[in-house]
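Please read this briefing alongside the sequence and the coordinates. It is organised by topic, and each point is meant to be checked against the structure shown.

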Amino acid sequence: MSLSETHAQIRDMARRFASEVVRPLAEELDRDERFPAEIYEEMGQLGLFGITVPVEHGGSGLDALGYALVMEELSRGYASVADQCGLVELGCTLLSVHGTQAQRATWLTDVMAGRKRVAYCITEAEAGTDVSGIRTTADRTEDGWVLNGGKLWIQNAPLAEVGFVLARTDKSAGKRGMSIFVVDLSLPGVTRGPKEHKMGQRASQVGGLTFDNVRLPANAVLGTEGRGFHIMMSVLDKGRIGIAALALGIAQAGLDASLDYAKTRKQFGQAIADFQGIQWMLADMAKDIAAARLLIHDAAQRFDTGESATMACSMAKCFASDIAVAQTANAVQIFGGSGYIRGFEVERLYRDAKITQIYEGTNQIQRTIIARELLR
């Protein structure tokens with residue numbers, strides 16, 4: 001698919017940044033589980049945060065296709081860095097679309113500039129895929145709200161300054177009784193749990209948050225009270241485009257590494273790229289990556305034109321993450337014993353790929369959504 005000049009420029013800029021800045025640090029960041037603060041700040045300076053936020057709110061004013069292109073290229077450098085871009089995109093979308101002028105003035109500019117980090121606080125012990133199962137509550141007081149409860153496996157929880165927290169404000173109203181709160185995570189009563197040690201995407205830090213009688217001002221509600229579930233769900237289609245593109249970037253990096261290795265690694269007196277078995281694996285990687293890219297671009301364009309994009313986004317996310325896992329496994333196979341050793345890129349890519357089948361809605365849920373849309 002041909003790209004517009006604007007789309008080609010943002011893709012090329014993200015590709016250069018990923019190649020020159022991100023990829024050289026990927027092994028160290030993964031090994032040390034270190035948040036890439038210096039990369040984060042530079043991304044803010046380059047305008048790689050808030051890609052679809054309107055220009056009048058300080059964003060780049062691009063579309064979902066532009067967002068997908070940036071996510072793919074950043075992930076090709078290191079998925080943990082792309083993951084940060086995705087988190088900021090969702091947080092900034094919430095602020096831009098649903099935030100008050102005061103909320104945008106307090107948070108949006110600093111978040112897009114990379115000066116403040118965000119956490120998207122939904123998941124709980126009994127509420128992962130089933131968001132309606134959350135137990136965190138916010139009770140109204142004379143001058144605001146009191147927040148109580150806990151979240152777990154929250155991206156950026158160990159270091160975020162602002163959290164978008166989904167809580168129950170009416171225990172009897174089901175999904176209609178949830179609201180989103182913009183929470184300053186330095187407030188008294190907010191406790192951060194220990195950093196979890198993950199299988200992959202190790203530089204993107206995950207942990208828990210506990211809220212113990214955290215007092216919030218009345219204007220901490222994002223959007224309309226009682227509409228929190230629907231507001232959170234409204235950003236999932238874009239979120240799935242982002243994760244699909246992130247998975248695609250991992251798969252593309254696996255193919256890139258496999259091609260280089262197959263041309264230089266010699267067995268039985270010839271490059272392993274000369275063997276048909278290796279050629280077929282490379283061919284399968286290339287065709288699956290091309291198919292995933294077309295699905296992602298189609299979903300993004302449907303989203304951008306205002307069409308119903310839910311099924312397309314679920315198909316893109318499900319397919320891209322499945323092929324990322326399958327084809328990075330093939331990349332490890334092509335590398336042989338070396339591919340199983342820490343320090344080889346494909347070993348990290350294989351670990352990084354797995355979570356893409358789980359977060360932003362498991363692939364079992366994606367299949368359920370696709371079937372539901374087909375049967376409407």
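This is a predicted model: local features need pLDDT of at least 70, side-chain atom pairs count only at pLDDT 80 or more; totals for chains, interfaces and linings use all residues.

Helix 4, which covers residues 79-98, is mostly covered, with 18 of its 20 residues buried, while the largest nonpolar core of the model has 97 residues.

**Helix 4 and its packing against helix 7**

- From its first C-alpha to its last, helix 4 reaches 28 Å over 20 residues, which is close to the 28 Å expected at 1.5 Å a residue.
- Helix 4 (residues 79-98) packs with helix 7 (residues 236-264) at an angle of about 170 degrees, and the two axes are 10 Å apart. Because angles over 145 degrees count as roughly antiparallel, helix 4 is roughly antiparallel to helix 7.
- On the helix 4 side the contact is made by A79, A82, D83, E89, L90 and T93, and on the helix 7 side by K238, G239, L246 and I250.
- Sorted by class, this contact of helix 4 with helix 7 has five nonpolar, two polar and three charged residues.

**S80 within helix 4**

- S80 lies in helix 4, and its relative accessible area is 1%, under the 20% cut-off, so S80 is buried.
- When neighbours within four places in sequence are left aside, S80 is in contact with Q201, R202, A203 and S204.
- S80 and G200 are 120 residues apart in sequence, yet their C-alpha atoms are 8.8 Å apart in space.

**Nonpolar cores**

- Within the largest nonpolar core, the residues with the most contacts are M43, L74, C85, F164 and I296, and the largest share of this core, 14 residues, comes from helix 7.
- M43, leaving aside its neighbours within four places in sequence, is in contact with F17, L48, F49, L74, V81 and C85.
- As background, nonpolar side chains in soluble globular proteins tend to be buried together.

- The 30 residues of helix 8 (residues 276-305) should span 44 Å at 1.5 Å a residue, and the end C-alpha atoms of the helix are 43 Å apart, which agrees.
- The buried residues of helix 8 are I278, M281, L282, M285, D288, I289, A292, I296, H297, A299 and A300, and the buried residues of this helix pack against helix 3 (64-77), helix 7 and helix 9 (310-335).

Definitions and conventions
Residues are numbered from 1 along each chain as its sequence is written. Side-chain values use heavy atoms; hydrogens and water are left out. Axes are lines fitted to C-alpha atoms, for helices over the stretch in contact, and angles run from 0 to 180 degrees between N-to-C directions. Helices (H or I, at least four residues) and strands (E, at least two) are DSSP runs, numbered from the N terminus. Angles under 35 degrees count as roughly parallel, over 145 as roughly antiparallel, 65 to 115 as roughly perpendicular and the rest as oblique. Contact means heavy atoms within 4.5 Å. Ala, Val, Leu, Ile, Met, Phe, Trp, Tyr, Cys and Pro count as nonpolar, Asp, Glu, Lys and Arg as charged, and the others, Gly among them, as polar. The expected span of a helix is 1.5 Å times one less than its number of residues. Buried means under 20% relative accessible area, exposed over 50%, partly exposed in between (1.4 Å probe, protein chains only). A nonpolar core is a set of buried Ala, Val, Leu, Ile, Met, Phe, Trp, Tyr and Cys residues joined through side-chain atoms within 4.5 Å.
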